[in-house]
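Good morning, and thank you for coming.

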Amino acid sequence: MQRVLRRVRIPALVGIAVIVVALLFGCREEAPTFASPAMEPPARMPEINLVAGNGQPFQLSDQQGKVVVVYVGYTFCPDLCPLAMSTLANAYDRLTPEVRDGVKVVMITADPARDTPEVMGKYVNYFDPAFTGVSGDPATVLEALASWGIYPERSATGANGSYFVSHPTRMYVFNRDGLLRLQIAHDLEPESVASDLELVWREGND
Amino acid sequence: MMHTPKAARRLALIAAIAAAGIFATACSSDSDEDAEATTAPVEATATVAATAEPTAAAPAAPAIEIADIRARATPGLENENSAAYAVITNRGTETDRLVGASVDASVAGRVELHTTVKEGEMMRMVQVEGWDIEPGASLELMPGGNHIMILELAKQFVVGDAFTLTLVFEQAGEIEVEVPVMEIVTSGMATPGAMN
């Protein structure tokens, strides 16, 4: 009897062990990875003197301690900028309240001549009231973007003096220490954006 | 009830295989999704399909099929613009060409055809004169690519609104379509029924 029991127990234990190991390590290889290219080594967040929609001075580095997502676009942008902002808003909604509190979304205008801080404030508020839209003195904004390697170019002026502006394809994600961690592609779907943001947030929390 | 050693071994084996199977599936699903991330809802449905209503000297059967048409809701700023997207299929036997579009002045001041072009790390807007659509082929107007730009909106585009857009084709002539206003996010997720 004893012998039979022992013979039963060993294979059963092996089976249980396999399950436990699978549970613990099964996903280890596939474990959370960024959908977006990670920056190695990460660059430091630039100092840019900007003005927020409420008229107050805005400095990216003041947001340190939070994960900061920066999108550079403009409000007259008909296609990609609103798409990117809607995607960010959708991703932001998907975060748990705790993570959301630790993530700041900032849109910097690539078109400071038309986008005043007030216009930027109204624009981002439409996508999510928690987002911050910033502009400032046009020369200062463009100089700041240039220091970051971003050179927005105006298209030829069309009817009624309208023009379009070139802008970066990616959204920049800075970690809590103010280091550029990810560049998110404009066409990444909201689920992956949310998961990337949460992963960056977790990096500083583990 | 007493298990025999053989039965127990079999049980353990089944459990192990099942566990392995579960994890293989669970672990692979994410990356599959990511690979599909940028695909647009190509011909997924024809829920808002409109058929051609030829105005003059038109072929017997409607050659142009317009599906999944939608325009982006706007924040409500001064002098703002929007974009319309659709999948336009040529069911005819001759190549046709979308050469223009218009809306009533009560909707917007101008409508133009544009494409968003990626140059290095920057995106840029380029106006185009039209797009050919070969017989049996589809013209995909989608975010981040070819689109119908609606400028100088007379009023804010609010989700749930709709307006009439007139598309002008070289062969099929003018086609009027009703365009619903939606929130548009990546992957056309805001389009009801257009999920892959």
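In this predicted model, helix H2 of chain A, residues 80–94, meets helix H6 of chain A, residues 190–203. Their axes come within 8 Å and cross at roughly 60°. Two packed helices are described by the angle between their axes and the distance between the axes. Angles from 65 to 115 degrees count as roughly perpendicular and angles under 35 degrees as roughly parallel; H2(A) and H6(A) are therefore oblique to each other. The crossing of H2(A) with H6(A) is right-handed.

Which residues in H2(A) meet H6(A)? From H2(A) they are A:Thr87, A:Leu88, A:Asn90, A:Ala91 and A:Arg94. On the side of H6(A), the residues are A:Pro190, A:Glu191, A:Val193, A:Ala194 and A:Leu197. Sorted by class, this contact has six nonpolar, two polar and two charged residues.

Let us now turn to chain B. Is strand S9 of chain B, residues 146–153, mostly covered or mostly open? Strand S9(B) is mostly covered, with six of its eight residues buried.

S9(B) pairs with strand S3 of chain B, residues 82–90, in the antiparallel sense, over three bridges. Within S9(B), B:Ile150 has B:Ser82 opposite. S9(B) also pairs with strand S5 of chain B, residues 108–119, again in the antiparallel sense, here over seven bridges. B:Met149 in S9(B) stands opposite B:Glu112.

As a general point to keep in mind, side chains in a regular strand alternate between the two faces of the sheet. Thank you for your attention.

Note on methods. Residues are numbered from 1 along each chain as its sequence is written. Chains are lettered from A and ligands numbered from 1 in the order in which they are written. This is a predicted model: local features need pLDDT of at least 70, side-chain atom pairs count only at pLDDT 80 or more; totals for chains, interfaces and linings use all residues. Axes are lines fitted to C-alpha atoms, for helices over the stretch in contact, and angles run from 0 to 180 degrees between N-to-C directions. Helices (H or I, at least four residues) and strands (E, at least two) are DSSP runs, numbered from the N terminus. Angles under 35 degrees count as roughly parallel, over 145 as roughly antiparallel, 65 to 115 as roughly perpendicular and the rest as oblique. A crossing is left-handed if the near helix is turned anticlockwise from the far one by less than a right angle, and right-handed if clockwise. Two residues are in contact if their C-beta atoms, placed from the backbone, lie within 7 Å. Ala, Val, Leu, Ile, Met, Phe, Trp, Tyr, Cys and Pro count as nonpolar, Asp, Glu, Lys and Arg as charged, and the others, Gly among them, as polar. A residue is buried if 20 or more other C-beta atoms lie within 10 Å of its own, exposed if 12 or fewer, and partly exposed in between; C-beta atoms are placed from the backbone. Two strands pair if DSSP finds at least two bridges between them.
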